[in-house]
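Please examine the structure shown below. The paragraphs that follow are intended to be read alongside it.

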Amino acid sequence: MKDKFNPDNDGFDPSEEYFKKKGDKYENETEEYFPQETSKPPHYLINKVRTELDLKSIQLKIIFRKSDNPYEGKKNKLSESLIDRLSLNQDRIKNICNDVRNISKLADPLKKKLSSITRPNGLTISKVSVPLGVVAVIFESRPNVAADVASLCIKSGNVVILKGGKEAKNTTEVIIEIIQRSLIGTNISPRSVISIRDYSREAVNFLFKMDKYIDVLIPRGGKGLISEVRDKSKIPIFSHLDGICHTYIDKYASKEMAVLVAFNAKMRRTSICGATETILCHSEIADYVLPKLIDVLIESGCIITVSYTHLRAHET
């Protein structure tokens, strides 16, 4: 494995010549980039990624301020929620590092026997967890997704091709470069995490046709992105479409904890897709929890729509 890495020469080239040249090499991509016998466990490698991200946090802030600046977003008339998702500060960089550390602590998902049966003829058939192979992920806005996805793919033994939103292109590319550099000197190639440097629609449309070389495509974003990927891609897709984030409060829940958890789920960062949109509460605890929860939400500027069923219950 080479020790020197030049990101300018090792990026993803979305051209027919590139894939023809790789040809047979991609047949055994996972084996080549993730050898079966590894000298270091996955958690070591991911912790190395986390350390590099932490050390390069100042560089990330400088790049962000110079290129993916929220004030430029305002000039370009981006929505406030999108600008918030794009914004990167010291706390958010720290959270990126913590998320990578948490991934490193997960159990090794590979080579686990998930099930096994023995046929009447004595043949034993086992289902064993293995890498998917080459994964392409298209995501919008938040640059932290690059670190999350890359770490998860390293942990699970997959090669990943990343394509982020153009609004955060420079920050995302720096994060990918930091991750690539962190893999230098390990038994995993820096090219196991690569990027589409061309963020144009033409390059992405070309990627959709590379079903011979990419095993699965994962779009992470809004309904428009998901629909476009479903319509155009020849590659198998892991995707969702519409979703409403619910928080359920059970009758056995602690009142204080329920209020804190539900409030955090909604108001911690309202711009992200994971913010709570609907709160469901068991009828036996509703009178004890909802008044306090509604009060703190309203005090924080949250607009609340109460169901007709709940209103009728209080009227009676």
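In this predicted model, helix α13 bends by about 45 degrees at Val 289. The kink falls shortly before a proline, Pro 291. Helix α13 covers residues 283-299, and its 17 residues should span 24 Å at 1.5 Å a residue; the C-alpha atoms at its ends are 24 Å apart, which agrees with that expectation. An α-helix has 3.6 residues a turn, so residues three or four places apart point the same way. After α13 comes Gly 301, which has a positive phi near 90 degrees.

Attention may now turn to the nonpolar cores. The largest of them comprises 23 residues, and Val 137, Val 149, Val 160, Leu 162, Ile 179 and Val 193 have the most contacts inside it. At least two residues of this core come from each of α7 (90-104), β3 (134-139), α8 (144-155), β4 (159-163) and α9 (169-182). Helix α8 contributes the most, with 7 residues. Beyond its neighbours within four places in sequence, Val 193 contacts Ala 150, Ile 154, Val 160, Leu 162, Ile 176, Ile 179, Gln 180 and Leu 183.

Thr 247 counts as buried because its relative accessibility is 13%, under the 20% limit. With residues up to four places away in sequence left out, Thr 247 touches Ala 262, Ala 265, Thr 276, Thr 278, Ile 279 and Leu 280.

How values were computed. Residues are numbered from 1 along each chain as its sequence is written. This is a predicted model: local features need pLDDT of at least 70, side-chain atom pairs count only at pLDDT 80 or more; totals for chains, interfaces and linings use all residues. Side-chain values use heavy atoms; hydrogens and water are left out. A nonpolar core is a set of buried Ala, Val, Leu, Ile, Met, Phe, Trp, Tyr and Cys residues joined through side-chain atoms within 4.5 Å. Buried means under 20% relative accessible area, exposed over 50%, partly exposed in between (1.4 Å probe, protein chains only). Helices (H or I, at least four residues) and strands (E, at least two) are DSSP runs, numbered from the N terminus. Contact means heavy atoms within 4.5 Å. The expected span of a helix is 1.5 Å times one less than its number of residues. The bend at a residue is the angle between axes fitted to the seven residues ending there and the seven starting there.
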